[in-house]
Amino acid sequence: MAGTGGYSKSRLHDWGNSPDAQCGSAFSEEFYREGMSMDTFIAVDLEMTGLRVKTDRILEIGAVKAENGQVTDSFQTFVNPHRSLDEEIIRLTGITDEMLNGAPGPEEAVRSFLSFAGELPLLGHNLMFDYSFLKQAMANCDLPFERNGMDTLKIARKVLAEPESKSLDSLCAYFQIHRERKHRARDDAEAACRLYFMLRDRYGQEQPDLFAPRPLLYRVKKTGKDYAGTKKRLESFDYLS
């Protein structure tokens, strides 16, 4: 859910500074001992019913697999949140209640994603936001989920003076990264993947540590599988400026 909407995850609130979330400050030594490189990872993006991890639900999981610097496979699944969607979410994503009818439930969806992603590190734009939803969904299904990852939002903030906004929409426009559909999970995941390689090609030699996977640390407690609870309407967040 990256971009320029009222529910955009590229907002002023930085999940990397949340008391429940942080990226580790060291390289993943195990990752390098296994002989993998920064060319091999899973780029992932989610669409959700809103921004609150404990009360909102995943609508769509999209991902692409990069191996040796090339996209080699992709993954997409809708997720039935067992609730009606707000009109603003429908407007932003184009996902409707009808599209979710018959979709897998959360447990089936996250198990399918795990099968696709394996143990590879993750990449995303404001990755901790997506990771927090994934980890909450995994915890609700009693599935362990600890990964390393790279965040293109954090990278862009470090290396780019322009554009002023570092949202995925702004960076795709600035670098002319084409997406068939904005605010759809697989398309945004592939855009983040392409953005990562573009930034690494330009700045990776000067700042290699910035492009390395690091432990993703997020504390989560199981909330159970009652997905039909009442949800407060979300406040709109300003876009990243």
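Student: Okay, the crossing of α6 and α8: left-handed or right-handed?
Tutor: The crossing of α6 and α8 is left-handed. One caution before we go on: this is a predicted model.

Student: Noted. At what angle do α6 and α8 pack?
Tutor: About 35°. Their axes are 10 Å apart.

Student: Which residues make the contact?
Tutor: From α6, they are Thr152, Ile155, Ala156 and Val159. From α8, they are Ala192, Leu195, Tyr196, Leu199 and Tyr203.

Student: How does the contact of α6 with α8 split by class?
Tutor: Eight residues are nonpolar and one is polar. None is charged.

Student: Next pair. At what angle do α4 and α5 cross?
Tutor: Roughly 115°. Helix α4 covers residues 106-117, and its axis comes within 10 Å of the axis of α5.

Student: So how are α4 and α5 placed relative to each other?
Tutor: Angles from 65 to 115 degrees count as roughly perpendicular. Therefore α4 and α5 are roughly perpendicular to each other.

Student: And what is the hand of the crossing of α4 and α5?
Tutor: That crossing is left-handed.

Student: Who touches whom in that contact?
Tutor: Val110, Phe113 and Leu114 come from α4. Leu134, Ala137 and Met138 come from α5. By class, that gives six nonpolar residues, with no polar and no charged ones.

Student: Let's switch to loops. Where is Asn80?
Tutor: Asn80 sits in the loop between β4, residues 70-78, and α2, residues 87-93.

Student: Is Asn80 buried or exposed?
Tutor: Buried means under 20% relative accessible area. Asn80 has 17%, so it counts as buried.

Student: What does Asn80 touch?
Tutor: Leaving out residues up to four places away in sequence, Asn80 touches Leu100, Gly102, Ala103, Pro104, Gly105 and Pro106. There is a polar pair too: a polar atom of the Asn80 side chain lies 2.9 Å from the backbone nitrogen of His82.

Student: Where do I find Asp142?
Tutor: Look in the loop between α5, residues 127-140, and β6, residues 148-151.

Student: And where is His183?
Tutor: His183 is in the loop between α7 and α8, and α8 runs over residues 185-203.

Student: Why does Asp142 count as exposed?
Tutor: Because its relative accessible area is 56%, and exposed means over 50%.

Student: And His183, buried or exposed?
Tutor: His183 is buried, because its relative accessible area is 7%.

Student: What about the peptide bond from Glu162 to Pro163, cis or trans?
Tutor: That bond is cis, with omega near -5°. Pro163 is placed in the loop between α6, residues 152-159, and α7, residues 168-175.

Student: Now the whole chain. How many helices and strands does the protein chain have?
Tutor: Eight helices and seven strands.

Student: What share of the residues counts as buried?
Tutor: 55% of the 241 residues.

Student: Last one. Among contacts with a separation of 6 or more, what percentage is between residues 24 or more positions apart?
Tutor: Those pairs account for 74% of such contacts in the protein chain.

Methods:
Residues numbered from 1 in each chain as written. Predicted model: local features only at pLDDT ≥ 70, side-chain atom pairs only at ≥ 80, totals over all residues. Heavy atoms only, no water. Helix = DSSP H or I, 4+ residues; strand = E, 2+ residues; numbered from the N terminus. Buried < 20%, exposed > 50% of the residue type's maximum accessible area, 1.4 Å probe, protein only. Polar contact = N/O pair within 3.5 Å; in protein donor to acceptor, adjacent residues only side chain to side chain. Contact = heavy atoms within 4.5 Å. Axes fitted to C-alpha atoms, helices over the stretch in contact; angles between N-to-C directions. Left-handed = near helix turned anticlockwise from the far one by under 90°. Nonpolar A, V, L, I, M, F, W, Y, C, P; charged D, E, K, R; others polar. Parallel < 35°, antiparallel > 145°, perpendicular 65-115°, else oblique.
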